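Thanks, everyone. I'll walk through one model this morning.

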Amino acid sequence: MSSLGGVAGSTARPASYYGLGLTLGNAEVRLDELVGAYAAFARGGDWIRPTFLHGSSETRRLVSTRSAFWITDILSDAEAREYAFGRGGSLELPFPVAVKTGTSQAYHDNWTVGYSRNVTVGVWVGNFDRTPLRNSSGVTGAAPIFHAVMLAAERRATGTHVFSDATIAGASTDSSRREICVLSGLAANKWCPTRRLEWTATERAPLPCSWHQLTDEGLITIWPPEYRAWAAEHVPAKPMTINRPHVRASARTAKTLQIVSPADGSTYLIDPTLRREFQSLSLRAVTGSRGRIEWSVNGEPIGAADADAKVDWPLTPGKHRILARDGDGRTAESHVVVR
Ligand SMILES: [Zn+2]
C-alpha cells in the first residue's frame, strides 16, 4: 500500500524501507487513504484526494483503466471468494460490489473496504490502545458493519430500494474475453475438459493449451515437468482421462536435465522463530534419463533420488551452487542465496 498511501501523503517512506513485506501489506495506511485508493479503482484508475467537505480536490491517474477494471473484476467475483469465505455472507450484496478484507498481524485490527458503482465504503475495527482483538478477523469483525453501511449508502446514493445488477465498470477497450483452459490457464483447445471465460489483454492472445491432447487412447493430460510430482500426488486419473506424466512430457526434458526446485537465483531466509531442523529445501529435478539423480551442494555430495523424487537439504547461510547429475551424466545447476 506504500504507493497508494504515498499518493495520499502520510507515509512518504521508500519501498526499500518496507522490503518484500510491502506486498503483504506491512505499510501503515489511514482509513481515508485506503478508501481513496479503492475509490480510484471504482473510477477506472483516477485517484481523487478524499475531502470531508464538497469541493474541488487534487486528481491523479493511479493505475491504467485496464488495471482498475481487472482489479474490480477480481474483487467482485463472489465465486472466487467462495473457497475461503463461502457464499451468501456479509461480502455479498444485492448489487455488484468489489470488496477486500484484511486482518493485521496479531489481530490488532481488521478492515473491510469496497466499492459499488456509486459509493466506496471502508470500515476499520480495532482498539484505540492497540490491544489485540479477540476472535475477530476482517470477515467477522469489519465485514458485517461494511455490509450494513454499504447497503444504506447505496440506497441513499440511488434513491431506490430496487437495485441494479449493472456491472461496476465497463470493460476497458484493451481487454478481451477469451475462453481459457482452467487447468493450464492457456487458451482452451477443443479438447480441454474444463474451460471458462476470462479477461485477457487484447494485444496478447494466450497460447493454445498444450496440456490436453486427444490421442487414440482418449484424452490425455501432459503435465509440464515442474508440475509432474504435484500432479502424481494430487490428481487421480479419471476413467476417460490418461495422465501421462512421463511419456512424451516434452521433447526438451527427454534430452535435458532440468532443476525444478530451487529456481536459479532464489533467495531463502532462515526463520529465527522456527527450529532449524524444520527448515530445509527440497531439491527436485526432471530428466528423460532412467537412472537416479545425484545432488551436490558446493561440490559436496548430499544424496541421490529417483527422477521426480526429492532430496532434502538443510538451509545453511551463504551463497550455494546446487548441482544435479543424472544417470546419463548430464548436469544442471541452480544458484541460491540463504540468509
Ligand atoms: Zn487444456
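Where is Asn 298 found? In the loop between strand E14, residues 293-297, and E15. Asn 298 has a positive phi of about 50 degrees, although it is not a glycine. Buried or exposed? Asn 298 counts as exposed, with 12 C-beta neighbours inside 10 Å. Keep in mind that this is a predicted model.

Now the overall picture. The protein chain has 8 helices and 18 strands. Its C-alpha atoms fill a box of roughly 75 × 50 × 35 Å along the principal axes. The radius of gyration of the protein chain is 25 Å, whereas a compact globule of 339 residues would be near 20 Å. Of those 339 residues, 26% count as buried. Take the contacts with a separation of 6 or more: 52% of them join residues 24 or more positions apart.

Next, the domains. The chain is divided into domain 1 at 2-158, domain 2 at 175-249 and domain 3 at 254-338. The centres of domain 1 and domain 2 are separated by 35 Å, taken over C-alpha atoms.

On to the cores. The largest nonpolar core holds 32 residues. Which of them touch the most other members? Tyr 38, Ala 40, Phe 41, Ala 98 and Tyr 115. At least two residues each come from helix H3 (31-42), helix H4 (65-75), E3, E4, E5 and H6. H3 gives the most, with 8 residues. A second, separate core has 14 residues, among them Leu 283, Val 286, Ile 293 and Ala 324.

Back to Ala 98 for a moment. Leaving out residues up to four places away in sequence, Ala 98 touches Phe 41, Thr 72, Leu 75, Ser 76, Gly 114, Tyr 115 and Ile 168.

Now helix H6, residues 138-158. Its buried residues include Gly 138, Ala 142, Phe 146, Met 150 and Glu 154. In general, an α-helix has 3.6 residues a turn, so residues three or four places apart point the same way. What do the buried residues of H6 pack against? Helix H5 (78-85), and strands E3 (98-103), E4 (109-115) and E5 (120-126). After H6 comes Gly 159, with a positive phi near 65 degrees.

Arg 130 lies in the loop between E5 and H6. Arg 130 is not a glycine either, yet its phi is positive, about 65 degrees. Arg 130 is exposed, with 10 other C-beta atoms within 10 Å.

Now an open sheet. It has 5 strands in the order E12-E18-E17-E14-E15, with mixed pairing. E12 pairs with strand E18, residues 331-338, in the parallel sense over 2 bridges. Within E18, Val 338 is the bridge partner of Tyr 268.

Last item, a cis peptide. Which bond is it? The one from Ser 261 to Pro 262, with omega near 0 degrees. Pro 262 lies in the loop between strand E11 (257-261) and E12.

That's the tour. I'll take questions.

Terms used: Residues numbered from 1 in each chain as written. Predicted model: local features only at pLDDT ≥ 70, side-chain atom pairs only at ≥ 80, totals over all residues. Helix = DSSP H or I, 4+ residues; strand = E, 2+ residues; numbered from the N terminus. Rg over C-alpha atoms; globule rule 2.2 N^0.38 Å. Buried ≥ 20, exposed ≤ 12 C-beta atoms within 10 Å, placed from the backbone. Contact = placed C-beta atoms within 7 Å. Pairing = 2+ DSSP bridges. Core = buried A, V, L, I, M, F, W, Y, C linked by C-beta atoms within 7 Å. Domains from an automatic or database assignment.
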